[in-house]
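Hi,

Here's the structure I promised to pass on. Have a look at it first, then read my notes below.

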Amino acid sequence: MSETTSTNEENKPPLNGRRAIPPNYSNDEENEVPEMEAFGLIPRGFNPRDYLRVVDIYMFKEPQEINKQEHHTDKYYNPKLIVRRGQAFQIQIDFNRPYKPETDQFWLEFLMGRYPQQNKGTYIPILVGNVLKPGQWGAKIIHRENNSIRLSIMSSATCIIGKFRLYVAVLTPYGILRTRRNSATDTYILFNPWCQLDAVYLDDEKEREEYVLNDVGIVFHGNIEDVKSRSWSYGQFEENILDACLFLMDKAELELSGRGNPIKICRVASAVINSRDENGVIAGSWNNSYDYGVAPSAWTGSVDILLEYYSSKQPVRYGQCWVFAGVFNTFLRCLGIPARLITNYSSAHDNNANLRLDFFLDDEGKVDTRLTKDSVWNYHCWNEAWMTRPDLPVGFGGWQVVDGTPQETSDGMYRCGPASVQAIKHGHVCFQFDAPFVYAEVNSDIFYTRVEKNGTQVVEKIDTTRIGQLIVTKEVGGDGMVDITEEYKFREGSDEERLALETAVMYGVKKQSTQDTTYQPQTDVDMDFQAQKAVLGNDFKVTITFRNKSRNSYTATTYLSGNIVFYTGVTKSEFKKHSFTAKLEPSSSSSFDIVIKSSEYMRDLLEQASFHFFVTARINETGKILAVQKALMLEIPTLRIKTKGELVAGKEASVIVEFTNPLKQTLENVTLRLEGPGVLRTIKKQFGRIPMNSTLTWEAKFFPMRPGLRKLIASLNSDALRHVYGELIVQIQKP
């Protein structure tokens, strides 16, 4: 006897002086629940079989049965019961004899974690009553037949979400008899956007279908002048994804009792999606070398990433902003929080959040890369999650910005949000969490400052319109783009915009006024820069146009710098330098063409085929400087996908992916990926090389899983060429 007590002691976690029980943040751990809980000494003749006994529990958990149909959980590839909170579901209990309400007493118990407690919401006893109250725990009998009863059970609209264990307890004179632990009766409870009492309630059915139930989305990338799109498979219903998403909350050590609150869940998830703290899901890499991992551009969806993390518990390599946002979207939709992926074009990464991005020029007008620390991302992706904000004043609920890409720390960790979109628009950046940072991402001004030899700083130009020019998301019910810029900011130059800015400054967003610096803009000459649509591997031309509005003749010493940049706006290398003197006649326009050869840029090209051109011109007669910058994306060829024959659920089918190498070089280390939620699990195929101008054809066999309209998504990755995508919408017939 003494031996057993000592081993039990060893298994107990150490207690500290402040807590009666240890922290409870694992949904997977369990406690032992006694099958017979005696009230005292049990008389010798006691036989539990003489009392009401549970023979079987039927959960109606098949996809076509009532619970999953009514709770919109029939798409989850998971054999257990999955319901949404605040809405009734049904179970059937078979006893060993007919149930007699006058004398028999039984109740249900839902338990979560290792230390279930009623006041923490992790132990929920439910007595059988006569009425169900909306949004409160309760149960009532809706049908009795022979030895069976059917119960309707209502869960609380604020209950914690996750996986509960179910027991049925029967009262006898000498103690409580419980059913055995049976994992087949485990019940997942999720957020419920269909329930008015739930914090994530969304009132539009079309929006619920898009933001909760759609398992494929669109990522908009490219840049402001050249918006590109690609599909992303969220796959929130695929096998083991729900368990992987619940594991993320365990990993983030979110107390079980806090898991009914979408604000808390979003905040901890924005930290655990990236690996910068506590070994989160994805390791970011922005330096174009992806050894021992997958290039960010090669992923076609979230499923592979989440499953790899769930099994290895180690960060998955590698991601960039759209990968963090894609995985975050899967997590939110999987748990039932309405979510969408957002792209902000010309996104400010402002190192000191002063609403001002500083580009320093030397006395010739070239950018000084040593002094310039801020950068403009061609685009940046984050997420919006829909919820009420009872912690903020009325009016700030609805869409909240959450961002899993590690940029700056917030309360000591790399995370961002939830920040109310409405608060950002009106400049009320005092409301938690991280609103000033998001406000700066969409509202900063760009200052071009010339540093003279003696250290004096002269502001040559202020660009107030470039940052956050276009903020977009996928349209509801289609693949098109919706411009949501007006949800984040008032029209440029309007009175409301100035007021929102003054409000933000009042609440502590640092804004340096132009009065502290000498600033005299050049007004009588304009300079514009245009680039021809350019295809990867080809030459193209750019045009600089001057408009002299004065009556004077001027000469302009003009300098063009062409840089290969990461999509974050950080320069990798300068590949083109060109300077010339332009003669500007009075009251006229003059244009100058410059040819960019493929041989100049191909060697250093980065995966997103992104260029950044800086043009500066000094008007020699007045000493004034004009500056303009422009990002340019090359057209990247696409993959062609087609299917052979008819596609029928459960029957073998084949898909063909084709790609023609457009470059004047051989592609090495080529990898193809193909996936489609509800159609096929990711297939990967390695190819050694594709010579120039030759076509690769790959045929893959698969068994489509579910009928309906579905999407296949493919990507090609190689050393010299990345961000190559293709997609195909397919109709899968019923067998």
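Strand E16 (residues 339–349) and strand E25 (residues 470–474) run antiparallel and are joined by 4 bridges. (Helices, H or I with at least four residues, and strands, E with at least two, are DSSP runs numbered from the N terminus; two strands pair if DSSP finds at least two bridges between them.) Within this pair, Asn 344 has Ile 471 in E25 as its bridge partner.

Before I go on: this is a predicted model, where local features need pLDDT of at least 70, side-chain atom pairs count only at pLDDT 80 or more, and totals for chains, interfaces and linings use all residues. Residues are numbered from 1 along each chain as its sequence is written, and side-chain values use heavy atoms, with hydrogens and water left out.

E16 and E25 belong to an open sheet of 6 strands with antiparallel pairing, in the order E22-E19-E18-E16-E25-E26. Which strands stand at the edges? They are E22 (416–420) and E26 (481–483), and each has a single partner strand, so one side of each is left without a neighbour in the sheet. On average, neighbouring strands here are turned by 30° against each other, direction ignored. Helix H5 (residues 262–272) packs on the sheet and touches E18, E19 (398–403) and E22, where contact means heavy atoms within 4.5 Å. The direction of H5 makes about 140° with that of E22; axes are lines fitted to C-alpha atoms, for helices over the stretch in contact, and angles run from 0 to 180 degrees between N-to-C directions.

Elsewhere, a hairpin joins E9 to E10 through 2 residues. Strand E9 (residues 162–172) runs antiparallel to E10, with 4 bridges between them, and Thr 172 stands opposite Gly 175 in E10. E10 (residues 175–178) also pairs with strand E1 (residues 36–38), again antiparallel, over 3 bridges. There, Met 36 stands opposite Leu 177.

The largest pocket has a volume of about 650 Å³. (On a 1 Å grid over the protein atoms alone, a pocket is an open set of points where a 1.4 Å probe fits, with protein on both sides within 12 Å along at least five of seven lines; lining residues have an atom within 4 Å of a point.) Of its 33 lining residues, the closest to its centre are Thr 369, Asp 374, Gly 569, Val 570 and Thr 571. The second largest pocket holds about 560 Å³ of space. A volume is the space filled by probe spheres set on the points, which are joined across faces, edges and corners.

Cheers
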